[in-house]
Amino acid sequence: MDIRSCTAADLSLLTSLWPLRGEVHEAHFARQQEGRSEYLVAWRDGVPLGSAVVRWDGCSGAQARASHPDAFEICHLQVRPERRGQGVGTQLIAAAEHEALTRGHRVAAMAVGDDNARAQRLYERLGYRTTGIFDVTEYDWTADDGTLHHARERDQLLLKQLRIDDVSERG
């Protein structure tokens, strides 16, 4: 598996091989071009398996950002359904942490929804700890059939202190 920052050439492949409504790939790539984040994509044999965004400008949730202004956030972790349970998410998180360490960041944050116990178990297994800090996010999304939906998520902040030794262990 090859995990790398999205390029302009990757973007056209992503949109054709893994179409997502709402121009998600384009939005993540635009943030990366602005220098506010890194859009990591996992590939195997030219096929995208999953992706993650590393927000260098801090947590997206107001409570999380206020309580841990020094943290960077790993968010929008997505693994294609047919690739789940194969270590893609774990490797994306490891790549994000490695990149952060090389840039001097030491406090990693992830938010997990109350209804996503599977993701929370993964993050805790990887060393993230619950904080008791919650943010509520509301957003609209479009289903594959074109139906517009409104969602309200309650996300808990999880944190991990990264060690400088992790750079040499992974890189």
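Q: How many bridges join E2 to E3?
A: In this predicted model, E2 and E3 run antiparallel. The number of bridges that join E2 to E3 is eight.

Q: Which strands are the edge strands of the open sheet?
A: The open sheet is formed by seven strands with mixed pairing, in the order E1-E2-E3-E4-E5-E7-E6. An edge strand here pairs on one side only. That applies to E1 and to strand E6 (129-142).

Q: What angle does the direction of helix H4 make with that of E4?
A: Helix H4 (residues 88-102) packs on the sheet. Its contacts there are with E1, E2, E3, E4, strand E5 (107-113) and strand E7 (148-161). Against the direction of E4, the direction of H4 makes about 155°.

Q: At what angle to E5 does helix H5 run?
A: Helix H5 (residues 117-125) lies across E4, E5, E6 and E7. Relative to E5, helix H5 runs at about 160°.

Q: Which element gives the most residues to the largest nonpolar core?
A: The largest nonpolar core has 25 residues, and Phe 72, Ile 74, Ile 93, Tyr 123 and Tyr 128 have the most contacts inside it. Two or more residues come from each of E2, E3, E4, H4, E5 and H5. The top contribution is six residues, and the element that gives them is H4.

Q: Which residues are in contact with Phe 72, leaving aside its neighbours within four places in sequence?
A: Phe 72 is one of the residues with the most contacts inside the largest nonpolar core. Contact here means heavy atoms within 4.5 Å. With the sequence neighbours set aside, the residues in contact with Phe 72 are Val 54, Arg 55, Trp 56, Ala 100, His 105, Val 107, Ala 108, Ala 109 and Leu 162.

Q: Why are the buried residues of H2 on the same side of the helix?
A: The buried residues of helix H2 (residues 24-33) are His 25, His 28, Phe 29, Arg 31 and Gln 32. They lie on the same side of H2 because the arc they cover around the axis is only 155°.

Q: Which residue with positive phi follows H2?
A: The buried residues of H2 are covered by elements including strand E1 (2-5) and helix H1 (8-17). After H2 comes a residue whose phi is near 85°. That residue is Gly 35.

Methods: Residues numbered from 1 in each chain as written. Predicted model: local features only at pLDDT ≥ 70, side-chain atom pairs only at ≥ 80, totals over all residues. Heavy atoms only, no water. Buried < 20%, exposed > 50% of the residue type's maximum accessible area, 1.4 Å probe, protein only. Helix = DSSP H or I, 4+ residues; strand = E, 2+ residues; numbered from the N terminus. Arc of directions from axis to C-beta. Pairing = 2+ DSSP bridges. Axes fitted to C-alpha atoms, helices over the stretch in contact; angles between N-to-C directions. Core = buried A, V, L, I, M, F, W, Y, C linked by side-chain atoms within 4.5 Å.
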